[in-house]
Amino acid sequence: MSSETQDAAVKPARASLMNDPQVRGLFYQVLLVLVLVFLGWQIVSNTMANLERQNIASGFGFMENTAGFGIIQALVDYSETSSYGQALLVGFFNTLLVAVIGIFLATIIGFVVGIARLSNNWVISKIAYCYIELVRNIPLLLQIFFWYFAVLRAVPGKRDKWSFLFDTFHLNIAGLRGPKPVFEPGSGAIGYAVIAAIIGMVVLSRWARKRQEATGRQFPVFWSSLGLLIGLPMLAYLLTGMPMHFDLPIFNETGPVFSRGFELGTGFNVIPEFLALTLALAIYTASFIAEIVRAGIQAVSHGQTEAASALGIRPGHTLRLVVIPQAMRVIIPPLTSQYLNLTKNSSLAVAIAFPDLVSVGGTVLNQTGQAIEIIGIWMAVYLSLSLLTSSFMNWYNQRMALVER
Amino acid sequence: MANAEVFQVRTVEAPQLPAPVSTSGVIGWMRLNLFSSIGNTILTVVGILIAYSLLAPLIQFALIDAVWVGEDRTACLAQDGGHIGACWAYVGDYLPQFIYGRYPTEEIWRVNVVYALFALLLVPMMIPAVPFKGTNALLLLVVFPIVAYFLLTGLVIGDEEILPIVETAQWGGLLVTLVIAVTGITASLPLGVAFALGRRSKMPIIKFVSVVFIEFWRGVPLITVLFMSSVMLPLFLPEGVTFDKLLRVLVGVTLFSAAYMAEVVRGGLQAIPKGQYEGAMALGLRFWPMMYLIILPQALKLVIPGIVNTFIGLFKDTTLVLIVGMFDLLGQIQSSFSDPTWSTPVQGHTGYLFAALVFWVFCFSMSRYSIFIENKLHTGHKR
């Protein structure tokens with residue numbers, strides 16, 4: 001170490017190489033890499049040996065094999081003769097469906113409860129408080145069991161039903177049944193009309209904002225957008241000769257006992273597993289979202305509300321135009337993690353056998369024994385969903401963030 | 001001045017009148033908070049109706065119509081079409097199972113000793129005014145786990161069985177719930193601190209490894225972690241090495257909550273002003289003494305509420321172990337439904353109500369405690 005001795009004259013504090021932070025840092029990092037490589041090598045070699053002993057072929061070749069089990073809810077084509085890969089795809093879409101609908105419902109309930117929690121009305125605020133404290137302190141799994149076993153099993157049996165909303169929706173042990181839209185040839189125009197309406201809404205709101213900024217005059221954007229959204233498809237529907245109708249579920253009340261109940265394939269059926277899971281997820285996550293919303297609104301200083309009322313803005317407008325946009329900056333980051341939690345928690349579907357990714361994957365795992373591949377798929381899917389959601393929400397958060405000089 | 005007599009000077013002070021009835025007392029409060037406008041009045045009425053329609057059946061079921069004593073299912077069956085309420089007699093009969101699982105009856109005192117020791121050490125730890133926190137923490141976090149381990153699993157010295165071995169397959173109910181939750185949180189705290197420090201480290205590889213570890217575990221659901229620990233972990237080990245099932249679950253839960261703990265601790269580390277680090281370095285402290293003596297005591301104290309919240313989440317998540325075939329409190333209750341002795345239409349509802357009550361009491365009191373600590377820590381600089 002000749003350089004070391006030369007340096008010692010310049011920097012007398014250097015005693016040993018181990019006291020140099022950079023050398024020490026390098027040493028620790030090399031050590032860490034070595035330990036990780038050793039552990040990884042151990043795991044891989046042990047796993048290979050174990051798999052060989054158990055005669056399990058590793059790799060994703062099994063995805064082509066015939067699954068041979070039925071799935072009660074499939075958004076893409078699936079039958080018992082489909083492959084394992086197709087089965088996992090069905091599970092993945094079911095996970096997405098539960099997550100999207102759950103997030104939608106949870107956001108609405110959460111915002112309503114969060115605002116109700118801050119209400120001046122004592123009864124409303126206490127109900128919101130009780131809801132939050134009750135729901136978020138009970139395990140989600142227990143709530144799923146409650147909705148599935150205690151509520152949806154207590155409804156009438158297959159040969160009977162509860163009807164509501166003017167006899168259009170029916171609930172029994174087989175799930176929720178309602179009218180199903182049937183699209184006939186030529187109904188594509190309705191879809192185009194919906195797209196045109198959405199484009200029209202965007203253009204309209206931009207124009208209205210520009211005009212308000214220029215002249216100060218307001219335009220009823222909400223009502224005209226609503227009119228566009230309902231009116232255009234309606235017009236397309238009438239002009240193309242009504243190529244769409246609703247298929248109502250047919251219920252046989254008389255006749256031989258075994259043929260009573262809903263006729264197969266009539267109407268639109270939502271299975272009870274889906275109902276229970278989505279309800280439980282939405283209600284559970286909403287209690288957390290409500291607390292986030294409350295904290296966010298409370299973070300907006302009271303001076304903002306006072307200034308708004310000094311300007312003569314009505315309370316409803318104050319909330320919508322002054323408080324919520326500022327509160328959103330505080331709300332969005334924790335809201336993102338709640339959305340992620342909901343998506344991850346949808347894996348509890350396995351407890352009530354709703355065919356989501358984990359549930360279907362569990363069946364495949366039991367049939368093929370391909371534990372590593374299946375668990376790898378699960379983790380990869382949830383990880384990429386998490387990363388996608390958080391990057392989207394980060395983008396949104398940046399858009400909403402306060403622009404400072 | 002002729003009209004001087006028109007003026008009057010009051011020489012006696014007028015009696016003080018109470019505020020008008022309409023603005024004070026119960027009526028004033030109601031006018032202000034319940035009926036201040038037409039919309040508010042409608043909301044109040046609707047709210048009361050909702051609360052009544054939810055609470056009345058619950059009270060009717062859980063208290064008024066409930067069956068409190070009975071020998072078997074006949075006590076909880078509806079007589080001549082009457083209402084059936086909760087069957088608390090069934091819960092009472094099953095209570096030992098819900099608390100201890102299938103732990104041998106003659107050895108249950110060991111579980112009770114562990115429960116008592118835990119409470120004895122935890123309560124003074126949680127009350128800020130009690131002194132000797134350091135000794136207490138040492139006893140709770142180091143001595144107690146060792147004692148509890150031997151008490152619960154058994155102790156064999158040589159050929160002599162001092163405490164008979166009890167397989168973990170016989171554990172169940174609240175015992176498993178508490179073992180998983182408490183072990184998970186105690187073991188994940190040091191791991192979480194290590195990863196939080198790693199994430200803030202200036203060494204790129206250590207930082208990278210910490211970030212990957214934290215984001216990986218936070219990105220996957222606990223269910224897949226549990227499947228991994230129960231199905232995949234045995235594959236990773238060399239031939240002949242086997243793990244206890246409970247231990248495998250504990251490993252998974254610990255790694256999972258360590259990632260969440262790391263993020264909580266990182267929040268605390270970020271809240272410590274830079275001057276504290278610089279001050280410590282100016283005193284000539286090295287990295288670990290600086291962390292141990294200056295930074296961590298402040299950071300950990302700041303994040304006690306966050307740690308308690310992580311614990312609440314973990315406590316609720318222990319229910320998931322029933323999916324990989326273990327019997328925690330919920331699993332034990334779920335499995336008791338198959339017993340024909342108490343099979344009634346209300347058995348499921350009663351069981352779930354009981355489980356909800358137990359979990360709620362635990363989680364709610366913990367969250368109150370976390371708020372209490374938060375308020376205590378915020379004294380002085382809370383606006």
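Two residues are in contact if their C-beta atoms, placed from the backbone, lie within 7 Å. By that criterion, 43 residues of chain A are in contact with 44 residues of chain B. This is a predicted model, in which local features need pLDDT of at least 70 and side-chain atom pairs count only at pLDDT 80 or more, while totals for chains, interfaces and linings use all residues. Residues are numbered from 1 along each chain as its sequence is written, and chains are lettered from A in the order in which they are written.

**The side of chain A that touches chain B**
- H2(A) supplies the largest share, 11 residues, where helices are DSSP runs of H or I with at least four residues, numbered from the N terminus.
- The residues of this side divide into 30 nonpolar, 11 polar and 2 charged, with Ala, Val, Leu, Ile, Met, Phe, Trp, Tyr, Cys and Pro counted as nonpolar, Asp, Glu, Lys and Arg as charged, and the others, Gly among them, as polar.

**Ser58(A)**
- Ser58(A) lies in the loop between helix H2 (21-53) and helix H3 (84-117) of chain A, and, leaving aside neighbours within four places in sequence, is in contact with Leu51(A) and Ile372(A).
- Because 13 C-beta neighbours lie inside 10 Å, Ser58(A) counts as partly exposed (buried means 20 or more other C-beta atoms within 10 Å, exposed 12 or fewer, and partly exposed in between).

**Domains of chain B**
- Chain B is divided into domain 1 (21-64) and domain 2 (88-103 + 166-377), with bounds from an automatic or database domain assignment, and the C-alpha centres of these two domains lie 40 Å apart.

Conventions:
Helix = DSSP H or I, 4+ residues; strand = E, 2+ residues; numbered from the N terminus.
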